[in-house]
Amino acid sequence: KAMCEANDIDTTFYNVSWSKAKPKRNLDALDAADTVVLFSSKEFLYRGLSDERPAADLNPMFVKQQNERIRQALPRLENKRIVVFSMDAKDTLEVVQNMLEGVSAKEWAFVSEQDFPLTIQSLRYNQLKPVGADADHDRTLDLAYWGTTKRSLPNGEKSNDARFGVLKDLFYDDDFNVFLAGNAFGKRKPDSRWNPDLKTLAPSLCQARATACFQWPGHGDKLTARYHEAMAFGLIPFAHVGYDTDEQLNILPWQRFETADELKGKLRELTREGEYERLFNEVLDAYSEVRPNDSAQLSRFNDLVLP
């Protein structure tokens with residue numbers, strides 16, 4: 001939106017809305033566009049990768065419905081400049097081109113969230129910080145976690161991701177008060193359904209003093225939005241040893257953990273008077289040293305997307 005307003009670009013919308021109006025699948029919007037910016041997130045779940053089978057547990061009726069909508073849009077994409085903006089490391093240009101079934105584009109451009117310092121998700125900090133400031137935050141909860149277990153790969157095989165074992169152990173421990181949004185961890189049911197609009201979850205998230213950051217095994221060099229979101233909401237983001245393995249976020253050594261017992265020990269430390277405030281400010285100072293300027297991120301986005 002900022003790019004289009006700054007460059008006086010006329011914009012049409014397909015299944016996207018910049019207002020409170022419900023998005024519409026307007027095929028005429030594709031006809032009117034010279035450039036189509038296609039946001040891609042978790043498309044690999046439907047298409048699979050060259051070395052990975054597509055997910056087996058997706059609702060076939062839902063998949064059929066979405067494929068039909070894509071089929072209707074395909075003719076409208078011919079000879080367009082198509083910019084794929086991927087919000088997932090596994091959503092490669094190859095995956096999206098496979099989805100579009102041989103569309104002959106005038107030009108293909110590929111932009112990844114990873115093409116930006118600390119990812120484009122760093123913008124989440126200033127977007128969510130006012131929401132966190134407006135929420136009640138008495139910090140009576142030990143930890144808040146929002147998301148899924150990542151227990152299995154999209155093809156159904158075990159992921160060997162650490163988060164299920166670590167967090168299940170924590171969630172089953174009655175000594176800790178935890179808010180969980182998303183998937184159940186074993187017998188521990190979520191307190192809230194997952195909602196990608198974190199503004200709705202903010203009142204609950206901001207009751208906690210901390211969260212935990214994980215990444216798929218083998219993808220530790222790729223950052224996620226979780227760290228930026230946690231900082232915006234005033235939560236200390238403890239980081240699993242497999243998270244941010246390239247040390248881009250300036251994570252302090254004492255934030256690292258590997259086992260559930262290590263994480264529990266860190267959470268207990270935060271119950272000491274004044275300790276949460278002191279340690280959060282340490283993390284905030286370290287984060288502020290490396291967090292890129294929003295204007296610089298938007299400028300880079302313009303450079304990558306505009307022809």
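Colleague: On the other side of helix 6, which residues are exposed?
Modeller: This is a predicted model, where local features need pLDDT of at least 70, side-chain atom pairs count only at pLDDT 80 or more, and totals for chains, interfaces and linings use all residues. Residues are numbered from 1 along each chain as its sequence is written, and side-chain values use heavy atoms, with hydrogens and water left out. Exposed means over 50% relative accessible area, buried under 20%, and partly exposed in between (1.4 Å probe, protein chains only). On that other side of helix 6, the exposed residues are A133 and D134.

Colleague: Within what arc do the buried residues of helix 6 fall?
Modeller: Helices (H or I, at least four residues) and strands (E, at least two) are DSSP runs, numbered from the N terminus. The buried residues of helix 6 are Y125, L128, V131 and G132. They line one face of the helix, because seen down its axis they fall within an arc (taken from the directions from the helix axis to the C-beta atoms) of 130°.

Colleague: What covers those buried residues of helix 6?
Modeller: Contact means heavy atoms within 4.5 Å. The cover includes helix 8 (198–205), helix 9 (226–232) and helix 11.

Colleague: How many residues apart in sequence are the parts tied together by the pair of Y125 and Y287?
Modeller: Rings of Phe, Tyr and Trp (its six-membered ring) pair if their centres lie within 6.5 Å; planes under 30 degrees apart count as stacked, over 60 as edge-to-face and the rest as tilted. The structure holds 12 aromatic pairs. Y125 and Y287 form an edge-to-face one, at 5.4 Å centre to centre and 65° between the planes. Y125 lies in helix 6 (residues 124–134) and Y287 in helix 11 (residues 275–290), so the parts tied together are apart in sequence by 162 residues.

Colleague: Are Y125 and Y287 buried or exposed?
Modeller: Take Y287, whose side chain is joined to that of H228 by a polar contact of 2.7 Å. H228 also has Y125 among its contacts. Y125 and Y287 are both buried.

Colleague: What is the relative accessibility of H228?
Modeller: H228 lies in helix 9. Leaving aside neighbours within four places in sequence, it is in contact with L118, T119, Q121, S122, R124, Y125, L249 and Y287. H228 counts as buried, with a relative accessibility of 0%.

Colleague: How long is the polar contact that joins E229 and R124?
Modeller: A polar contact is a pair of N or O atoms within 3.5 Å; within protein, one must be able to donate a hydrogen and the other to accept it, and residues adjacent in sequence count only if both atoms are side-chain atoms. E229 lies in helix 9 and is buried, with a relative accessible area of 8%. Beyond four places in sequence, E229 is in contact with R124, L128, W146 and L198. The side chains of E229 and R124 are joined at 3.3 Å.

Colleague: Which residues of strand 4 point the other way from L143, Y145 and G147?
Modeller: Five of the five residues of strand 4 (residues 143–147) are buried. In a regular strand the side chains alternate between the two faces of the sheet. Here L143, Y145 and G147 point one way, and the other way point A144 and W146.

Colleague: Which residue of strand 5 stands opposite L143?
Modeller: Two strands pair if DSSP finds at least two bridges between them. Strand 4 and strand 5 (residues 178–182) pair in the parallel sense over five bridges. Opposite L143 stands V178.

Colleague: Which strands stand at the edges of the open sheet, each with a single partner strand?
Modeller: The open sheet has three strands in the order 6-7-8, with parallel pairing. Strand 6 and strand 7 (residues 236–240) pair over four bridges. One side of each edge strand is left without a neighbour in the sheet, because each has a single partner: strand 6 (210–213) and strand 8 (256–257).

Colleague: How far from the centre of the F164 ring is the charged end of R151?
Modeller: A charge sits over a ring if NZ of Lys or CZ of Arg is within 6 Å of the ring centre and within 35 degrees of the ring normal. R188 sits over the ring of F171, 5.8 Å from its centre. For R151 over F164, the distance is 4.0 Å.

Definitions and conventions:
Arc of directions from axis to C-beta.
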